[in-house]
Amino acid sequence: MASEKAFISLLNQHQKIIYKVCNLYMDQHSDREDLFQEITLQAWKAYGNFRGDAKFSTWLYRVALNTAITFFRKEKRKPDIYSTDQVPEQGDEPGDGIEEQVKAMYAAIGELSKIDKAIVMLYLEDYSYNGIGEMMGITANNVAVKMNRIKTKLKEETRKQLAFTEM
Amino acid sequence: MELDELKYQLKDKLSTDHTGRSDADIALLLTKRTASVTDKLKKSLWLEIFLCILMLLVFGAISIISKQSSLRIYFSVFTIVGIVFLLVVIYLLRRTKKLSSTTLPVKSNLQSIVRLIEEFTRRYFQITMALIPICFIFALLLAYQEKHLQDPSAPFPGGHYFSSLWQVVLFVIAYMFVLAIVAFYFTKWYLKKLYGKYVQQLKACIEELGE
């Protein structure tokens with residue numbers, strides 16, 4: 001019981017991590033809720049083996065990404081860049097160049113594969129290439145190569161998205 | 001613009017739509033059922049263990065109390081097969097439990113799930129295929145032996161439809177052959193339908209990580 005309380009308290013403090021992963025991997029609100037539930041349950045099941053030798057946040061990222069990547073219950077839907085469900089309203093100002101760029105980049109990230117999404121997520125969270133490599137089970141060199149490819153892909157895709165919105 | 005230039009805005013955007021959950025909400029989530037493939041496998045394995053134990057009790061009892069020697073032999077063999085199957089299922093359950101309680105790096109986790117599903121489907125396939133000869137040929141031989149022991153002058157099985165024993169043997173072989181092919185493809189199709197697409201997707205992720 002004490003361990004359950006401790007887990008709930010820790011998860012509550014770090015629930016933003018799960019939300020980020022859910023937002024990244026799921027387009028629809030109901031799917032995000034399902035994934036949130038699944039990550040919470042998987043984390044609870046694995047919590048007994050959490051030794052505390054890594055930070056809880058790092059451990060939770062690993063559980064969350066493992067769960068999101070292996071979560072194939074529903075057919076993958078293409079993200080809709082104009083969906084209000086996908087892009088939050090706050091701070092959206094028409095004609096704001098940066099905001100448009102962010103929207104386009106966000107949509108471009110949505111087009112990436114599950115593995116690339118995980119790498120981008122960790123990159124955005126300021127993990128080093130070594131840290132990303134450890135989490136993904138690949139070398140730092142491999143991460144660097146992938147990150148370069150992802151950046152190029154995102155640049156091209158963002159350009160396409162922006163051209164599409166201007167039409 | 002590039003990813004690095006929008007890093008902080010993207011980070012913010014990812015954490016929006018964050019409604020926040022209370023301790024009570026999280027506690028409630030812990031009582032729900034999971035939808036992960038390892039948990040589905042676990043559920044399926046527990047069901048198989050239950051059915052297998054039930055089968056062992058019934059078949060074991062028949063193999064002891066039956067008055068007919070053929071039935072005793074037949075069900076004893078099934079009891080032995082059931083014990084082997086039970087051991088295999090328990091082994092798979094332990095592996096599944098171990099996997100779901102450890103937090104591996106993404107690539108190792110994917111590889112472990114693929115290995116587990118492949119082993120699960122392979123064993124399931126082997127058992128299904130092994131049961132065909134046991135069920136048919138063994139049953140036929142025992143029935144023939146039982147009949148022959150009771151009445152040595154009794155005609156061979158199928159004597160009403162076939163004029164000689166070799167025709168019966170040929171028919172049984174052909175029947176077995178067709179049955180084995182149908183069972184082979186049906187089992188393969190069924191297992192592929194259950195896990196095929198999922199395993200393919202996981203393998204694609206592993207391949208992507210290996211590039």
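## Cysteines

With a relative accessibility of 7%, B:Cys205 counts as buried, because the limit for that class is under 20%. This value, like those that follow, comes from a predicted model. B:Cys52 also counts as buried, at 3% relative accessibility. B:Cys205 takes part in no disulfide, and the nearest cysteine sulfur, that of A:Cys22, is 17 Å away. Over all chains, the structure holds zero disulfides.

## The fold of chain A

Chain A has eight helices and zero strands. Its pattern along the sequence is therefore written α-α-α-α-α-α-α-α. Of its 167 residues, 54% count as buried. Among contacts in chain A between residues at least 6 apart in sequence, 67% join residues at least 24 apart.

One residue of helix H4 (residues 56-69) of chain A is A:Thr67. A:Thr67 is buried, with a relative accessible area of 8%. When residues up to four places away in sequence are not counted, A:Thr67 touches A:Leu35, A:Glu38, A:Ile39 and A:Gln42.

## Helix H6 of chain A

How many of the residues of H6(A) are buried? The count is 11 of the 11, so this helix is largely enclosed by the rest of the structure. Its buried residues include A:Lys114, A:Asp116 and A:Lys117, along with A:Ile115, A:Val120 and A:Leu124. After H6(A) comes A:Asp126, which has a positive phi, near 65°.

A:Asp116 belongs to this helix, which spans residues 114-124 of chain A. At 6% relative accessibility, A:Asp116 counts as buried. Leaving aside neighbours within four places in sequence, A:Asp116 is in contact with A:Ile150, A:Lys153 and B:Glu208. With one of these residues, A:Lys153, the side chain of A:Asp116 forms a polar contact of 2.9 Å. By comparison, A:Asp116 and A:Arg32 are 84 residues apart in sequence and 19 Å apart in space, C-alpha to C-alpha.

The size of an interface is often given as the accessible area lost when the parts come together. Between chain B and chain A, the buried area is about 5500 Å², and carbon and sulfur atoms give 61% of it. In chain B, the residues that lose the most area to chain A are B:Leu3, B:Lys13 and B:Leu14, together 14% of what that side buries. The contact takes 51 residues from chain B and 64 residues from chain A.

Across this interface there are 19 residue pairs in polar contact, both residues being at pLDDT 80 or more. On the side of chain B that touches chain A, the elements giving two or more residues are helix H1 (7-14), helix H2 (23-29), helix H3 (37-65), helix H4 (69-101), helix H5 (106-150) and helix H6 (165-210) of chain B. The residues of that side divide into 20 nonpolar, 15 polar and 16 charged.

## Salt bridges between the chains

The count between chain B and chain A is two salt bridges. In one, the side chains of B:Asp39 and A:Lys45 meet at 2.4 Å, N to O. In another, the side chains of B:Arg21 and A:Glu33 meet at 2.6 Å, N to O. B:Arg21 lies in the loop between H1 and H2 of chain B and A:Glu33 in helix H3 (residues 29-47) of chain A, so the pair joins two chains. B:Arg21 is buried, with a relative accessible area of 14%, whereas A:Glu33 counts as partly exposed at 29% relative accessibility.

## Salt bridges within each chain

Over all chains, the structure holds nine salt bridges. Within chain A, A:Glu125 forms a salt bridge with A:Lys20, and the closest N and O atoms are 2.8 Å apart. A:Glu125 lies in the loop between H6 and helix H7 (129-136) of chain A, while A:Lys20 lies in helix H2 (residues 15-25) of chain A, so the pair ties together parts that are 105 residues apart in sequence. A:Glu125 is buried, with a relative accessible area of 17%, and A:Lys20 counts as buried at 9% relative accessibility.

Within chain B, the side chains of B:Glu118 and B:Lys203 meet in a salt bridge of 2.7 Å, N to O. This pair links distant parts of the chain, with B:Glu118 in helix H5 and B:Lys203 in helix H6 of chain B, 85 residues apart. Are these two residues buried or partly exposed? B:Glu118 counts as partly exposed at 29% relative accessibility, and B:Lys203 counts as partly exposed at 39%. Elsewhere, salt bridges that share partners join A:Lys45, B:Asp39 and B:Lys42 into one network.

Methods
Residues numbered from 1 in each chain as written. Chains lettered and ligands numbered in written order. Predicted model: local features only at pLDDT ≥ 70, side-chain atom pairs only at ≥ 80, totals over all residues. Heavy atoms only, no water. Disulfide = S-S within 2.5 Å. Buried < 20%, exposed > 50% of the residue type's maximum accessible area, 1.4 Å probe, protein only. Contact = heavy atoms within 4.5 Å. Buried area = accessible area lost by both parts, 1.4 Å probe. Salt bridge = Lys/Arg side-chain N within 4 Å of Asp/Glu carboxyl O. Polar contact = N/O pair within 3.5 Å; in protein donor to acceptor, adjacent residues only side chain to side chain. Helix = DSSP H or I, 4+ residues; strand = E, 2+ residues; numbered from the N terminus. Nonpolar A, V, L, I, M, F, W, Y, C, P; charged D, E, K, R; others polar.
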